[in-house]
Amino acid sequence: MAIKVAFFNRRRYFFNAWELKLSVLVLDRDGVINFDSDSYIKSVAEWVPIEGSIEAIAKFSRAGFRVVIITNQSGLARGLLKESTLQDIHWKLESKVESLGGKIDGVFFCPHHPKENCECRKPKTGLLKKAEHFLQVSLKNSFFVGDSYSDLQCAVNFGLRPILVRSGKGSKTELRLQQEREDEVLQIKPGSLPNADFKVLDTAIYDDLAHFSRSVLF
Ligand SMILES: [Mg+2]
Ligand SMILES: [Zn+2]
């Protein structure tokens, strides 16, 4: 499967290191891969994939991307679900992707309550550091697809390209971005970090993960 971005395509066979730079796809889970719920996803039965998301993940994987999932699961700290249930949910997700010839390379979750002020809850970047260490490859410049504003912040805080989908909380996040763009016209704001590679306001927006995969992959 070829990549639409011409420079990426051309260097595919000649510049391995260059390819590795862009070879990881980072995904949020709830609202991107499966329907989100304000009362948390607490069982395997409540985990329902968004149409086309599994196919999209398998397509990215078959195209050579390594796929990692970065997800806040405070339901664990709140006592709403057990870690074994979470593992069962991820096993279901992984087996669905595998049935389409793809692979999920890793699932990294934050089990903490927001009050715990841990280093891994998005928008903090602890889970991205973990994934980088696990994959032994830099995540810089990789795509990070999310539906929450905190996903976009997390992406730019670690030098990844923020991608927003309108599924889940995405429409709400899009409104916030629109508002910030209007504000920016009145007041030039610096990036979230000095010399940041990407800004939250540079976020590219797609209807859902399937739409994003069609725009990046043939
Ligand atoms: Mg989400
Ligand atoms: Zn955490």
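Let's start with how the chain holds together: of the contacts between residues at least 6 apart in sequence, 68% join residues at least 24 apart. Here a contact means that two C-beta atoms, placed from the backbone, lie within 7 Å. This is a predicted model, so local features need pLDDT of at least 70 and side-chain atom pairs count only at pLDDT 80 or more, while totals for chains, interfaces and linings use all residues. Residues are numbered from 1 along each chain as its sequence is written, with chains lettered from A and ligands numbered from 1 in the order in which they are written.

The chain has eight helices and six strands. Both are DSSP runs numbered from the N terminus: helices are H or I with at least four residues, strands are E with at least two. In sequence order the pattern reads α-α-β-α-β-α-β-α-β-α-β-α-β-α. Of the 218 residues, 37% are buried. Buried means 20 or more other C-beta atoms within 10 Å of a residue's own, exposed means 12 or fewer, and partly exposed is in between, with C-beta atoms placed from the backbone.

Now for some strand pairs. Two strands count as paired if DSSP finds at least two bridges between them.

| Strands | Bridges | Direction | Example of facing residues |
|---|---|---|---|
| β1 (residues 24–27) and β4 | Three bridges | parallel | Val-26 and Phe-144 |
| β4 and β5 (residues 161–165) | Four bridges | parallel | Phe-143 and Arg-161 |
| β2 and β3 | Five bridges | parallel | Asn-72 and Cys-110 |

To get from β2 to β3, the chain crosses through α4, and this β-α-β crossover is right-handed. That label applies if, with the strands pointing away from the viewer, the path from the first strand over the helix to the second runs clockwise. β4, α6 and β5 also make a right-handed β-α-β unit.

Next, the helix α4 (residues 83–98). Its 16 residues reach 22 Å from first C-alpha to last, close to the 22 Å expected at 1.5 Å a residue; the expected span is 1.5 Å times one less than the number of residues. Leu-86, Ile-89, Leu-93 and Val-97 are buried in α4. They sit on the same side of α4 because they cover an arc of only 75° around the axis, the arc being that of the directions from the helix axis to the C-beta atoms. These buried residues pack against α3 (53–62) and β3. On the face turned away from the buried side, you'll find the exposed residues Ser-84, Gln-87, Trp-91 and Ser-95.

Helix α5 (126–135) has its own buried set: Leu-127, Leu-128 and Ala-131. Their arc is only 100° around the axis, so they are on the same side of α5. What covers them includes β2 (66–72), β3 and α6 (149–157).

Is Pro-123 buried or partly exposed? Pro-123 is partly exposed, because 19 other C-beta atoms lie within 10 Å. Leaving aside residues up to four places away in sequence, Pro-123 touches Ser-150, Gln-153, Cys-154 and Asn-157. Pro-123 and Leu-152 are 29 residues apart in sequence, with 7.8 Å between their C-alpha atoms.
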